[in-house]
Amino acid sequence: MSCDYTRSVLHGYLDGELDATRAAEFERHLEGCRECTTVLGSEESLRSSLQRSGLYENAPVSLRKKIRAGLDAATTSSSGMRIPAWRWLAVAATILMVASVSWITWSRRAKDSASTTPFTVAEIIDAHVRSLQPGHLTDIASTDNHTVKPWFNGKLAFVPPVKDFADEGFPLVGGRLDVLGGQNVAALVYSRRKHIINVFVLPTKEPDTPIHEPGLRQGYQWRHWRRQGMEYCAISDVSDSDIYELAQLIYQ
Amino acid sequence: MSSSDQHKGSDVLDVQDRARFEQLVLPHLDAAFNLARWLLKSRADSEDVAQEAMLRAYRFFRGFHGGDARAWLLQIVRNTCYTWLEKNRPVELMTEFDEELHLQPSASPETLAIAGANRERLTRALETLPPRFREVLVLRELEGCSYKEIASITSIPIGTVMSALSRGRQRLQQALTHSSPQEAAREL
């Protein structure tokens with residue numbers, strides 16, 4: 001073996017890695033070099049044996065499955081294990097921030113509603129207690145909302161929505177006029193297992209609110225909310241869950 | 001791409017990374033397994049090492065800035081294989097510098113030997129080669145890698161790839177020629 005080409009350039013030629021100039025140069029050399037011609041033939045034969053003998057080994061299906069499981073475990077959405085502490089801190093900080101903003105907003109709203117609510121808790125309780133005195137509960141005693149609703153016409157500057165919820169366990173007892181904070185309001189009277197629930201209704205220009213958390217004083221509980229230009233306050237000595245249920249029925 | 005790219009530290013990977021990894025890297029699992037199998041000469045060990053390498057690749061995926069995903073993955077597979085060999089079969093790696101060839105290739109007998117080479121003989125012959133020659137042959141002939149890709153996977157200079165292949169092929173021919181004729185005859 002004396003030819004310098006066989007050791008190096010021949011392989012570059014075989015692998016198609018020579019540039020055009022060097023490839024042409026090697027081809028000219030091949031014409032006159034028996035050794036290179038023989039070796040090239042031998043290498044081509046070796047290559048074709050290697051490529052045609054099925055030596056390439058594909059990954060087994062079981063490996064593919066194991067790897068996918070490993071990837072799942074290393075991806076944050078499927079496992080919290082890999083989340084570093086600072087990320088948790090960031091998450092916690094975000095939650096805290098959102099929570100405090102919500103709290104501030106909520107407490108401001110609570111203050112706002114307290115300042116704009118045209119009656120006090122004491123007035124509501126007084127009105128409720130007074131209504132329970134004999135002969136004071138209703139001005140119009142009727143379980144028919146079509147009777148109660150028109151009754152308010154001409155007595156108030158607004159028309160309160162009146163609905164009977166007897167099917168839901170809150171039969172309408174009647175309605176009356178009441179005064180809260182110096183203002184005429186409608187009082188809708190519902191009964192719940194022989195207990196009375198007063199729902200005070202008056203117009204408002206404030207935006208809608210959800211049904212607020214319950215208030216509790218002197219054994220009476222109430223729920224307050226605003227909906228479609230009306231301010232509502234439901235008060236009773238029944239459980240809060242009953243009041244909330246009625247509030248939801250009216251709210252719909 | 002340098003080997004230090006792999007050591008930038010592991011990142012937190014999210015579903016977008018996962019989708020990108022599935023698209024770019026996972027399709028080269030066969031290449032990863034095949035390289036591991038020829039470096040380790042064992043399917044069972046290759047499954048473990050290929051899995052480890054693939055998960056390592058995933059952990060370092062944020063360090064992959066585009067380009068040849070197969071070469072990037074195979075570089076990690078190769079490194080994982082060598083680490084495994086150093087730990088489990090250090091003797092195999094010690095033979096690799098004993099590479100001086102005293103046998104001159106004389107064309108015609110080899111041609112005959114190669115013509116009759118079947119899968120088993122080729123496998124045995126390849127497995128007798130030192131890992132550094134075996135890997136360039138596998139990458140070139142089975143994986144179809146360019147010299148540039150081989151250089152980046154094996155971290156040898158591109159100018160040395162051709163001579164590594166030249167010596168690897170000579171060694172393989174030699175191994176095929178010198179496998180005992182009786183054995184060869186039996187297999188044929």
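**One residue up close**

Modeller: Leaving aside residues up to four places away in sequence, A:Leu137 touches A:Ser131, A:Leu132, A:Val189 and A:Ile196; two residues are in contact if their C-beta atoms, placed from the backbone, lie within 7 Å. This is a predicted model, where local features need pLDDT of at least 70, side-chain atom pairs count only at pLDDT 80 or more, and totals for chains, interfaces and linings use all residues. Residues are numbered from 1 along each chain as its sequence is written, while chains are lettered from A and ligands numbered from 1 in the order in which they are written.

A:Leu137 lies in the loop between α6 (121-131) and β1 (140-141) of chain A; helices (H or I, at least four residues) and strands (E, at least two) are DSSP runs, numbered from the N terminus. Because 19 other C-beta atoms lie within 10 Å, A:Leu137 is partly exposed (buried means 20 or more such atoms, exposed 12 or fewer, partly exposed in between, with C-beta atoms placed from the backbone). A:Gly174 is 37 residues away along the chain, with 8.3 Å between its C-alpha atom and that of A:Leu137.

Chain B has a mean pLDDT (confidence in each residue, from 0 to 100) of 82, with 77% of its residues at 70 or more. Its residues 97-107 have pLDDT below 50, and that stretch makes 15 contacts beyond near neighbours in sequence. Where pLDDT is low, the predicted coordinates should not be read in detail.

Note on methods: pLDDT = per-residue confidence, 0-100.
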